[in-house]
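Visitor: I would like to learn how to read a structure like this one. Please take me through one feature and then the whole chain.

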Amino acid sequence: MLVVGAGQAGLSSAYHLRRTGLEPGRGFVVLDHAPRPGGAWQFRWPTLTYGVVHGMHSLPGMELADADPTRPSSEVIAEYFDAYERAFDLPVLRPVDVHAVREGDDGRLLVETPAGNWATRALVNATGTWERPFWPRYPGQQTFRGRQLHTARYRGPEEFAGLRVIVVGGGASGTQHLMEIAPYAAATTWVTRRPPVFREGPFDENRGREAVALVDERVRQGLPPLSVVSVTGLPSTDAIRRARAEGVLDRLPMFDRITPDGVEWSDGRRVDADVILWATGFRAAIDHLAPLRLREAGGGIRLDGTRVVADPRVHLVGYGPSASTIGANRAGRAAVRDIRRLLAGEPVAA
């Protein structure tokens, strides 16, 4: 057994593999490309403190308790993941980049890495999205004389002091960036493709299930997954309401072109800028699975639960409906249960 990725989804899967009696290093191996524990959290910007992280759920078997809400989430969660790996004796081989997964011998999958190759009867792919930031393309983009960066390279608001900043994207990252940058920048402009939806009231279990079900339906059809956040809307916190009242979150529709000095709309409106910050999300980091030809005509990978319909040896955990932290925990348990049936020669659902 091989687990690729040691973030929330990968560690949850490794925990459940251990509980079934498999021994780390012999029964299963965990590979991770990052230099240290922490998954993608270790790369988050320092001003994203633990207190403003939405919906971080503890890993199975060990609570994340009494964390200082003022500390960077990158530090809090990296330390927690490190302690978790040690507490449950889950050795992770890192840094190891998986270059390709292809058909091997005797019905096994061949996993190719610079550190050597592994042959495995089943694979849990838990590689997340952080390594694949999504950059939209617009006319004139290459002519812009200012700076362009993606959320993946954002490090805090101070570097935007005195600058005119356009933030593109209607998700949680975009709103967080705007609220941080506004006190420092000379001016901020918020641009999104669709009008943002602000959610009032608590996000309870029923609403969570409904959101996950919508994402799940897409992956069952073989369509690229939407993020869970894209169907839940943005929570109307006190900070959000204050930013809206102050005009920081005054949204404009998507521009039509980028100019050397800023952006323009087809109606003649223009905004000059020194920086364009693309808070436009991420895509699943699954290019290494391309040799298995798992994608459907719709562009996504069809799943039944976490199991890839086209190849039951492969499970995607932390993909689509299991992309949330609590979803990754549940998906890790379900994937291991399904894989144990497969390895035991029991039939899996068609």
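Guide: Start with the cover of helix 1: what lies over its buried residues includes strand 1 (2-4), strand 2 (29-31), helix 2 (73-87), strand 7 (123-125) and helix 7 (325-343). Helices (H or I, at least four residues) and strands (E, at least two) are DSSP runs, numbered from the N terminus. This is a predicted model, where local features need pLDDT of at least 70, side-chain atom pairs count only at pLDDT 80 or more, and totals for chains, interfaces and linings use all residues. Residues are numbered from 1 along each chain as its sequence is written, and side-chain values use heavy atoms, with hydrogens and water left out.

Visitor: Which residues of helix 1 are buried?

Guide: Buried means under 20% relative accessible area (1.4 Å probe, protein chains only). In helix 1 they are Gln8, Ala9, Gly10, Leu11, Ser12, Ser13, Ala14, Tyr15, His16 and Leu17. Ten of the twelve residues are buried, so helix 1 is largely enclosed by the rest of the structure.

Visitor: How far does helix 1 reach from its first C-alpha to its last?

Guide: The expected span of a helix is 1.5 Å times one less than its number of residues. Helix 1 (residues 8-19) reaches 17 Å, close to the expected 16 Å. Gly21, with a positive phi near 105°, follows helix 1.

Visitor: How many helices and strands does the protein chain have?

Guide: There are seven helices and 20 strands. Of the 350 residues in the protein chain, 46% are buried. The C-alpha atoms fill a box of roughly 65 × 45 × 40 Å, taken along the principal axes.

Key
Buried < 20%, exposed > 50% of the residue type's maximum accessible area, 1.4 Å probe, protein only. Contact = heavy atoms within 4.5 Å.
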